[in-house]
Amino acid sequence: SNDRFLLLAGDQGVSTLAQIQRWGEPKISKHDTFSIAVNYHSLAEYFHRIGGMGLLTSMSDPLFVVIVAVMERTRSDFPETLHTFTTVLDAYEPEDIWRLVSLEEGKQLSLEEILFLLKLSNWDPCNFHLFYQQIRDHLTKASSLQKEHLYEAIHRTNANFYYVGAEEGDFILNLGVLLFELEHFRDALVYFQHSLSITGEKSQTYSNMGACYTKLQDHTKAKECFDKAKG
């Protein structure tokens, strides 16, 4: 990289000498594979010693630590990077929104409160999934403005969706259901078709598409979808 290197990383680990002393020797965690918590303090120190910059959040919790590091450059060389780290990552760490959402999970929230949490989490699909059923339950009494905000939230959340496995097609299906209930039938069709491309043929998805085409007065395509839904 010719010394033009920026590292942005986050995971479980330790970021202070006190945490390292409490941590002791590194331990292997076994799950589907295995992992070892990261010593971010050492990584930051490495970048400092080679004349670079290693930034760690000031109140890091071993549950999730964030580091920003630049090779062979100092803080004075990257004032905008330092400013962004201070005002965005250090002021409001990713773990903070996780804790906030965890506190609210299971509670009955208003649609305004849910949309506020989603906005704070930068439209995280995992958080949207947690509150999907509550969002749907609120739709019948939602105001026009709330529906506009939800419409925007759906698209922003979808933009952050990263496909991993076929089962996640149901998340896209759920977004389509909300769009259908918001009466954005063409948008809903796009999401249902995307869901099909991920999960393969599913009767529920075809049934939902048939309902969309019915609302759009395209009865030929509606019949095709309903026939596929019946198998």
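Here is a short tour of the structure, stop by stop.

Before you click anything, note that this is a predicted model, where local features need pLDDT of at least 70, side-chain atom pairs count only at pLDDT 80 or more, and totals for chains, interfaces and linings use all residues. Residues are numbered from 1 along each chain as its sequence is written, and side-chain values use heavy atoms, with hydrogens and water left out.

**Stop 1: the core.** Select Phe 128, Ile 135, Leu 150, Ile 154 and Met 209: these have the most contacts inside the largest nonpolar core, which has 40 residues. (A nonpolar core is a set of buried Ala, Val, Leu, Ile, Met, Phe, Trp, Tyr and Cys residues joined through side-chain atoms within 4.5 Å; buried means under 20% relative accessible area, exposed over 50%, partly exposed in between, with a 1.4 Å probe and protein chains only.) Elements giving two or more residues to this core include helix 4 (94-104), helix 8 (144-159) and helix 9 (169-181). The largest share, 7 residues, comes from helix 9. (Helices, H or I with at least four residues, and strands, E with at least two, are DSSP runs numbered from the N terminus.)

Now zoom in on Phe 128. Not counting residues up to four places away in sequence, Phe 128 touches several residues, among them Leu 118, Ile 135, Leu 150 and Thr 157. (Contact means heavy atoms within 4.5 Å.)

**Stop 2: Thr 157.** Hop over to Thr 157, which is in helix 8. Buried or exposed? Thr 157 counts as buried, because its relative accessibility is 0%. Beyond its neighbours within four places in sequence, Thr 157 is in contact with Trp 123, Asp 124, Pro 125, Phe 128 and Phe 171.

**Stop 3: helix 4.** Color Glu 95, Ile 97, Val 101 and Glu 104, which are buried in helix 4. The buried residues of this helix pack against helix 5 and helix 6 (125-130). Pick Glu 104: it counts as buried because its relative accessibility is 18%. Setting aside neighbours within four places in sequence, Glu 104 is in contact with Leu 109, Leu 117 and Phe 131. Just after helix 4, look for Gly 106, with a positive phi of about 95°.

**Last stop: strand 3.** Finish with Ile 28, in strand 3 (residues 28-30). Ile 28 counts as exposed, because its relative accessibility is 56%.
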